[in-house]
Amino acid sequence: MQRMSADVARRIALGAQGFTDVRPAVATRRHLQRVLSRVQLLQIDSVNVAVRAHYMPLFSRLGAYESVLLDDAAWTHSSRKPRMLVETWAHEASLVPVADWPLFHSGAKKRGWWQNYQTLVERSPQLVDEVLAAVKELGPIGAGALEKALMGERGRAKGPWWDWSEVKRICEVLFGVGVLTTGTRRGFERLYDLTERVIPADVLAQRWTPDEGARELVTRAAVALGVATEPDLRDYYRLDPRRSQAAVASLAQDGVLEPVSVDGWRGPAYRHVDAKAPRRVTGRALLCPFDPLIWERARTERIFGFRYRIEIYVPEPRRVHGYYVFPFLLDGELVARVDIKADRAAGVLRVQSAFAEAGVDRPRVAVELAAELAHMAEWLGLEDVLVVPKGDLAGELAAAHASGGG
């Protein structure tokens, strides 16, 4: 088994995720495709404190780009520009390449949370039929409009997300099993449509066994991660553990994955046969909490020595770094973190706290971080960056911004 230093493993991981690619002057559909060939998927999340999660990984790798580039790829279709992406449950709710859609319905993944509503489906088969008939007639359509169309005055009042109506729950089950998908979105509202009207017939006709699906998805995870443990590979698409382990063993036997021992990592790891180790990694990037480079927190700590937790659900008095914290990547290391909020009413990107990692070149980190925050503010259409005096880097960051570092 080949032995690998932790530094080499880190550089392989960064290269696999696209952080050695040069940012283009103007991002095009071709650049979007390049990022997707690296990361394989974009996680969707409802939090909109700074920017929706699916937009940010592209900014982190491409710099400023027109968000319509992703919107068109995900939620519009024409003969000139066919749809590139479709929504399904992958890591979590995600945008994945259209061609990959059958893999997520092959039986390779763990049972989804929507299975909790299966008894509702079994108890209300007539409502399922009515939902499908209404989507066929009215779709793409949101759950609220669908409920009104079906239930009329009998419809339930809209409640919080944990008290979804029966119609919404049935939509989620049908989405989870692949009968429905997202035809488009209105704002952030998912508008359901029949999958057969969104996915091309030749893609929809593909069939994979659970073992074949697991093997294909582990391969894609290995491309995205470069070097990884079996649990890392499994987590990328939330695969069934037994199928993931069997797929890794099969791919290692076939030479697609090369077993390696990484200094400081417990247990065996696997390098994708095509993964390269860049000589050095330069450049900077702000990473949202749902960026695939860092979403698996144990892997983030193992690779970067960076302990990261999302504190959205932590009561404010107990938060250490802030509500929605973005790690800052500089020259291949995670060197700082900032809690940022797009204050659209005031027209500023508000840095609510800023912290540096131990042992970093603080003046340089402050200057580079100020510049990247200014770049992000401009991308979001905000006029300025405002640094709140909280965190051990806040003073230096504010000074760097004031002096033109941002």
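Reply: Between domain 1 and domain 3 the count is 2 salt bridges, a salt bridge being a side-chain nitrogen of Lys or Arg within 4 Å of a carboxyl oxygen of Asp or Glu. Arg-10 forms a salt bridge with Glu-333, where the closest N and O atoms are 3.6 Å apart.

The model is predicted: local features need pLDDT of at least 70 and side-chain atom pairs count only at pLDDT 80 or more, while totals for chains, interfaces and linings use all residues. Residues are numbered from 1 along each chain as its sequence is written, and side-chain values use heavy atoms, with hydrogens and water left out.

The domain assignment gives domain 1 as 2–107 + 208–272, domain 2 as 113–204 and domain 3 as 309–405; such bounds come from an automatic or database domain assignment. Taken over C-alpha atoms, the centres of domain 1 and domain 3 are 27 Å apart. In contact (heavy atoms within 4.5 Å) are 15 residues of domain 1 and 16 residues of domain 3. The two domains bury about 1400 Å² between them, with 67% of this given by carbon and sulfur atoms; buried area is the accessible area (1.4 Å probe) that two parts lose on being put together, summed over both. Of the area that domain 1 buries against domain 3, Val-49, Ala-50 and Phe-59 supply 40%, more than any other three residues.

Across this interface, 6 residue pairs are in polar contact, both residues at pLDDT 80 or more. A polar contact is a pair of N or O atoms within 3.5 Å; within protein, one must be able to donate a hydrogen and the other to accept it, and residues adjacent in sequence count only if both atoms are side-chain atoms. On the side of domain 1 that touches domain 3, the elements giving two or more residues are α1 (6–16) and α3 (56–62); helices (H or I, at least four residues) and strands (E, at least two) are DSSP runs, numbered from the N terminus. By class, that side has 11 nonpolar, 2 polar and 2 charged residues, where Ala, Val, Leu, Ile, Met, Phe, Trp, Tyr, Cys and Pro count as nonpolar, Asp, Glu, Lys and Arg as charged, and the others, Gly among them, as polar.

Next, Arg-220, which is found in helix α10 (residues 210–225). Its side chain makes a polar contact of 2.9 Å with the side chain of Glu-216, and one of 3.2 Å joins the side chains of Arg-220 and Asp-100. Leaving aside residues up to four places away in sequence, Arg-220 touches Gln-40, Asp-100, Leu-103 and Tyr-237. Gln-40 lies in the loop between α2 (29–39) and β2 (42–43) and has a positive phi of about 75° although it is not a glycine.

The structure as a whole holds 32 salt bridges.

An open sheet is formed by 4 strands in the order β1-β8-β9-β7, with mixed pairing. Its edge strands, β1 (2–4) and β7 (227–228), each pair on one side only; two strands pair if DSSP finds at least two bridges between them. Strands β1 and β8 (residues 257–262) run parallel and are joined by 3 bridges, and the bridge partner of Arg-3 in β8 is Ser-261.
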